[in-house]
Amino acid sequence: MNRRDSIKALGLTAISTSVLIDACKPSETKTGTSTPEETTKEAGREHWEIERDKELHSETFFTSHEMATITVLADIIIPKDDVSGSASDAKVPEFIEFIVKDIPEHKIPMRGGLKWLDLQCLNRYQKPFVEASAKEQIAMIDEIAYPQKAKPEMKPGVTFFNRMRNLTASGFYTSKIGVKDIGYAGNAPNQWQGVPDEVLKQYGMQDVKI
Amino acid sequence: MSEFQIKKSPTVYDAIVVGSGAGGGMAAYVLANAGQKVLMLEAGQYFDPKLDAHQLKWPWESPRRGAGTVRPFGDFDASYGGWELDGEPYTKKDKTEFEWFRSRMLGGRTNHWGRISLRMGPHDFKCKDGLTDDWPITYDDLKPFYDKVDRMIGIYGTVEGLENEPDGIFMKPPKPRLNELFIKKGAEKAGVKVITGRGAVLTESIKGNNDRAPCFYCGQCGRSCKVYGDFSASSCLVIPAVKTGNLTVITDAMVREVITDKDGTAKGVSYVNRRDLQEYQVNARLVILGASACESARILLNSKSPQHPAGLANSSGVVGKYLHDSTGASVSGFLPQLMDRKRYNEDGVGSVHIYSPWWLDNKKLNFPRGYHIEYGGGMGMPSYGFGSGVPVMNGMVPDRNGKMKDAGGYGASLKDDYRRFYGTGVGMAGRGTAIARADNYCEIDPDVVDKYGIPVLRFHYKWAQEEINQAKHMQETFLSIMKEMGAVVTSKIQGRETNYGLEAPGKIIHEVGTIRMGDDPKKSALNKYCQAHDCKNLFVVDAAPFVQQGDKNATWTILALSMRTAEYILAQKKKQNI
């Protein structure tokens, strides 16, 4: 079988390859996770996996207040910049809602962490985190965003923020917006020719042979 | 009349093959192509990589973004199964550890394996240190079959002429990635040899094979390949064998036991269908087990009869004993030199581009045998867990302005850090020889059955000091390579309290040795053709016959042994010996 046949075997014609590659390119216009309906039709899945996904999609874990807090936090962690949109543009809060149901070990630390944060803000600002001013929110986050210099009494907040930050990064960089931002250039049929010459030169690796 | 009855098929096949992985697949392929009527029983469901692979999917096509929640190696991994199967427990004895990975699907674990395809060497069959039993065969006995497997299935690599790392018939290898060049340089400074990897991926087409296409370098072999560009037993053996018209495959057939006649010979197999939960019995002139080392041992131990009171093929008492998995330990970190690196597609192949074969002389070491090193890293596809190291690493190296800053953070500067650190990762893992010992074993748990009523396996496995010493040596080697290449280590530094990061037995998924071969029927279950000493029409073709595994991954040897056994069966049939 040659390369053309292999492209055919992938269900593509030579002409449609470029269409596929374009279609596979991350685009900021479409984001989101696959819907349960799509999953039902999916080949290569065991029945119980499909049923499990359906069930998870039908449940709601976070309250609207918790989701609002998650959204503010996610956008503080990954804001919009010159390169790409924010965490909420990439539907990170929706991903977090799903993943805590999928990996239930996240549930209590997330719920409890959000509550801890609200109580801190109530004591400081007499209002929950989402209702605090942007300045107040950042002052709060500064106390829990740097594990090595955080005060011991902030430890629960540090632990929570570590988890929140990691879930935000997971959700963002696995979205179309995030994959484009980070510059992952693969996942497409190609001929791997090794490290480009200019990169070999940049690192002085021209003469390294395996 | 009771509804509970065993459905018996009147057909008598030439052979029944239990299991559709590398061993079962190869035996069925050889026999079916020689005109034998073969019935294959697979405990899992049908799987064809062409239809079922999650190849070329993007992370957002998984609601869990590729997390390993339902599949241990990620949501796109080509394995139905895992460390735990619903309703199919296994137990452990004396507070020892063993982790058992089972894939329940056509092709078994070969759909997702790493495609690292190493031959065992002459000293792996006949040891120089006298510490373990020799195989009843030599490398030279198996070499012609390794050669045939290379030609038939396809493997890339380079001819190196190493004494105990035999060369094969290789296709051109993939070029190294950038981090692999750093590894090569660093490892050489640390005195560790690095050579081109050897993998079961088609970097060229196979003449005359129109079913399989060459690799198109997505690096996703673990998801299995829609164009059959790598080796899976499903795509390369079972599905082609079905096309001969001589192989019938029954999926969802969970085998209980091998049925024997009054004279002790095997006459068939009983199984429960996982879908309708009905009981079936099928008959054949030969029974070939390829259910995986532990599952085949389980079937034999559960096949008790007046002629075989200790279980079939077990008059020696060795079935289940000498279980051994490869040792494994690892280190990971990042290369600060690669921060802000240029982006390009470096997916390459889904097997290893480079590796280090064992390079030292044991005379000066406090452990026997050795290990090889597999390497990883680079600009991979983001998935769940992406970037979790960044808020730690950003406190370990200077920022853009050359200043140290506090680890962690948020906002624009953290977002910039995620970009800066992308593709800087580097890691290495050792895979070493564990010594086959009679007191590392699986046996039938007398108290526990699975949901089909089949008695389950109970494991007893302890690492010995030699293996712990080997893991310590791995850690020291890895740290010295990391240092020489200028990498920063981010993984936990492992010490005595964690056995130097030595993984629990079973975790490397190279378990072998439970139905060992040998010339002496008192000390082995199978002869040198993997034929049971006690039952001439019973054969085992998975990794169970291994006497002693080298540090090489088992699959290529399973394929060669199974092909050899299948050819032996054909020759014996011709002579009417079986």
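**A helix, a sheet, an interface and a helix pair**

Tutor: Helix α11 (residues 555-574) of chain B has 20 residues and spans 29 Å from first C-alpha to last, close to the 28 Å expected at 1.5 Å a residue. The expected span is 1.5 Å times one less than the number of residues, and helices (H or I, at least four residues) and strands (E, at least two) are DSSP runs numbered from the N terminus. Bear in mind that this is a predicted model: local features need pLDDT of at least 70 and side-chain atom pairs pLDDT 80 or more, while totals for chains, interfaces and linings use all residues. Residues are numbered from 1 along each chain as its sequence is written, with chains lettered from A and ligands numbered from 1 in the order written.

Student: Which strands stand at the edges of the open sheet in chain B?

Tutor: The sheet has six strands, paired antiparallel in the order β7-β14-β15-β16-β13-β19 (chain B); pairing takes at least two DSSP bridges between two strands. An edge strand has a single partner, so one side of it is left without a neighbour in the sheet. That describes β7 (195-196) and β19 (488-489) of chain B.

Student: Inside that sheet, what is the bridge partner of Thr327(B) in β16(B)?

Tutor: Strands β13 (residues 327-334) and β16 (residues 425-432) of chain B run antiparallel and are joined by eight bridges. For Thr327(B), the partner in β16(B) is Gly432(B).

Student: Which element of chain B gives the most to the side that touches chain A?

Tutor: In total, 70 residues of chain B are in contact with 61 of chain A, contact being C-beta atoms, placed from the backbone, within 7 Å. On the chain B side, α2 (49-52), α5, β7 and α9 (411-421) each supply at least two residues. The top contributor, with six residues, is α9(B).

Student: Over in chain A, how are α7(A) and α9(A) oriented: parallel, perpendicular or oblique?

Tutor: Helices α7 (residues 107-125) and α9 (residues 155-173) of chain A pack at about 125°, with axes 9 Å apart. Axes are lines fitted to C-alpha atoms, for helices over the stretch in contact, and angles run from 0 to 180 degrees between N-to-C directions. Under 35 degrees counts as roughly parallel, over 145 as roughly antiparallel, 65 to 115 as roughly perpendicular, and the rest as oblique. That makes α7(A), relative to α9(A), oblique.

Note on methods. Two residues are in contact if their C-beta atoms, placed from the backbone, lie within 7 Å.
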